[in-house]
Structure formats: structure tokens, C-alpha cells
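Hello,

Here is the structure I promised to pass on to you. Please have a look at it first, and then read my notes below.

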Amino acid sequence: MQFAGKVVLITGASSGIGAATAKLLSKLGASLALTGRNLDNLKKVSSECNVVPQTDSKTSTPLIVTGELTNENDVKAILQKTIEHFGRLDVLVNNAGIIFSGSIENTSLDQYDQIMNTNMRSVYHLTMLAVPHLVKTKGTIVNVSSVNGIRAFPGVLAYCVSKAALDQFTRCVALELAPKGVRCNSVNPGVTVTNLHKTSGMQQEQYEQFLKRSQETHALGRPGTAEEVAKTIAFLAGDDSSFITGATLPCDGGRH
Ligand code: NDP
């Protein structure tokens with residue numbers, strides 16, 4: 001029960017990596033605030049989380065707060081409701097994200113803004129609001145980036161730029177907050193089987209071909225699972241990584 005007594009806020013908890021992280025951290029004793037846009041999915045994830053025994057409060061099941069992360073009022077409400085409910089925050093997992101295909105020749109400014117607002121600006125905003133609470137608990141921040149933040153890949157330009165920005169955000173925030181006892185790291189997954197392709201408009205058949213190709217582009221010969229990324233998030237969020245900050249940790253099966 002490594003996370004007993006800890007309050008963890010996870011964005012994008014309604015699907016994929018965020019949902020797997022919620023389930024894992026609840027098993028490890030965390031009290032959870034789960035946010036996303038799809039209430040039905042959030043309820044389903046919550047029902048699959050362990051009920052966490054509490055010593056002094058009624059909050060044994062996850063708090064669900066729906067919200068659109070590109071909406072500033074929603075971001076404020078997500079943080080406010082978490083603090084009102086639990087009275088503290090120990091871990092922020094900035095996981096929500098979207099992807100579109102597109103190169104410099106065919107990515108519109110609107111698409112660029114949508115990706116940057118979701119994958120980077122909302123992270124900046126939520127983290128900014130969370131920091132005073134994380135300083136009080138000497139907490140941790142885990143950002144879910146991508147191998148696309150570390151390496152260039154053609155045809156997903158805005159996504160790569162958003163994740164590279166997120167990695168630099170991770171490094172800078174880590175240095176700024178280290179003197180206050182707050183750590184900040186990112187996990188950089190390779191291809192991971194989730195619902196992410198649906199936001200890109202990729203059809204199921206195309207996605208299956210893409211997953212098949214990933215057997216060749218990942219040294220371990222397969223794409224990753226959300227559960228594998230969740231374990232890396234738990235490592236970076238907890239005391240097992242107590243001397244790690246500012247890291248961008250690939251969880252990518254040897255993507256090449
Ligand atoms: P999913 O599509 O399965 O999950 C994305 C989550 O983000 C959903 O819970 C979704 O909420 C939420 N979300 C997206 N946009 C918004 C928004 N504007 N406001 C609020 N919530 C939002 O994808 P993954 O689990 O794969 O993605 C999680 C993270 O992992 C992302 O940052 C992604 O870039 C990163 N990643 C994924 C990889 C992969 O191959 N899957 C590889 C590398 C990195 P809802 O559904 O409720 O709208």
C-alpha cells in the first residue's frame with residue numbers, strides 16, 4: 001500500500017493509460033480524483049478501482065470530476081473540487097492528450113492550437129494551480145509525454161511539438177520545484193494499445209495495420225499495454241523514484 005494516505009489527481013482517467021493508472025494506484029492504496037469528459041467511462045473506471053479504506057473520512061471511492069481541459073474554468077473546478085473533497089494533493093498525473101496526423105504541409109493552425117491547448121497549455125494551467133498544494137505535501141508530478149517528444153517522426157508534427165514542449169516543461173519545473181521538495185518527471189511511451197487512435201480519426205482497420213507495423217518498430221516486437229505504462233507512472237509518482245527528477249523516461253519497448 002505504497003500510496004496509502006496519498007491523494008492522486010489523474011487527467012484522462014476515463015480511458016487507456018489514465019484508466020489503467022487509476023486502477024493500479026487504487027490497488028496501491030491511493031485516494032483518487034479522476035477527471036475526463038466522458039462521465040459514463042469515468043464511472044466505469046471508478047467501479048473497477050479498489051475501495052480504499054480511510055481512517056478519518058468518508059471518501060473511500062474515487063472522486064469523479066468531469067471537465068474539458070482546454071476550458072480554464074473547468075480546470076480551476078477540477079483542482080478546487082479535488083482539494084475541497086480531500087483537503088490535500090500528493091500526486092498530479094497529467095495524462096490526458098490527443099493526436100492528429102499531419103505534416104507541415106497539411107496541419108492547419110486550428111489543429112495545431114487544439115493539440116497544443118490540450119497536450120501542453122492545459123498541463124501548464126493545471127500544474128500551476130496544483131503547485132501550492134504539492135509544495136505542502138512535497139508531492140510529485142508525472143507528465144505523460146511520448147517517444148515523439150524525444151525523437152522526430154514525420155507526419156505527426158503538432159503532436160511531436162506538443163510532447164517535446166511537455167518534456168522541456170518537465171525539466172524546467174523539476175529544477176524550479178526541487179528546492180521545495182516537489183519532483184516532476186515524464187514517462188515517454190511508445191505505441192501503446194488504447195483508444196488514442198480514435199481521436200486522430202484513424203479507422204479500426206488502419207489502426208490494426210499500424211499496430212502490426214509496430215511489431216517491427218519496437219525492439220521487443222510488440223506495442224505496449226496501458227498497464228505497463230501505468231506501472232512506470234506509479235514508479236515515478238512514488239518513493240521508489242525518490243532521487244529522480246526532471247527525467248523523461250521511455251517506456252517504449254526499444255522503439256527504433
Ligand atoms: P485515450 O484516447 O485512451 O485517452 C485519452 C484521455 O484523455 C481520455 O480519458 C480523454 O477523455 C482525455 N482527454 C483528451 N482530450 C481531453 C480534453 N480536451 N479535456 C479533458 N480530457 C481529455 O489515449 P491514451 O490513454 O493512449 O493517452 C493518454 C496519454 O498517453 C496521452 O497524453 C497520449 O499522448 C500519451 N501517449 C499515448 C500513446 C499511445 O500509443 N496510446 C503513446 C505515447 C503517448 P474523454 O475520453 O473522457 O474525453
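**What I found**

H1 and helix H7 (196–199) each supply at least two residues of the shell around the ligand. This is a predicted model, in which local features need pLDDT of at least 70 and side-chain atom pairs count only at pLDDT 80 or more, while totals for chains, interfaces and linings use all residues. Residues are numbered from 1 along each chain as its sequence is written. Helices (H or I, at least four residues) and strands (E, at least two) are DSSP runs, numbered from the N terminus.

To stay with the ligand: H1 gives the most to its shell, with 3 residues. Of the 28 residues around the ligand, Gly12, Gly16, Gly36, Gly97 and Thr194 come nearest; a residue counts as near if its C-beta atom, placed from the backbone, lies within 6 Å of the molecule.

H1 itself covers residues 16–27 and reaches 17 Å from first to last C-alpha, close to the 16 Å expected at 1.5 Å a residue (1.5 Å times one less than the number of residues). Because 10 of its 12 residues are buried, H1 is largely enclosed by the rest of the structure. Buried means 20 or more other C-beta atoms within 10 Å of a residue's own, exposed 12 or fewer, and partly exposed in between, with C-beta atoms placed from the backbone. Just after H1, glycine 29 takes a positive phi of about 95°.

Now to the sheet. It is open, with 7 strands in the order E3-E2-E1-E4-E5-E6-E9 and parallel pairing (strands pair if DSSP finds at least two bridges between them). Strand E3 (63–66) and strand E9 (248–251) stand at the edges with a single partner strand each, so one side of each is left without a neighbour in the sheet. Between E1 (residues 7–11) and E2 (residues 31–36) there are 5 bridges, and isoleucine 10 stands opposite leucine 34 in E2.

Finally, the largest nonpolar core has 55 residues, of which Val8, Ala22, Leu32, Val93 and Ile233 touch the most other members. Helix H9 (residues 226–237) contributes the largest share of this core, 7 residues. A nonpolar core is a set of buried Ala, Val, Leu, Ile, Met, Phe, Trp, Tyr and Cys residues joined through C-beta atoms within 7 Å. Apart from it lies another core, of 9 residues, including Ile98 and Cys160.

Best wishes
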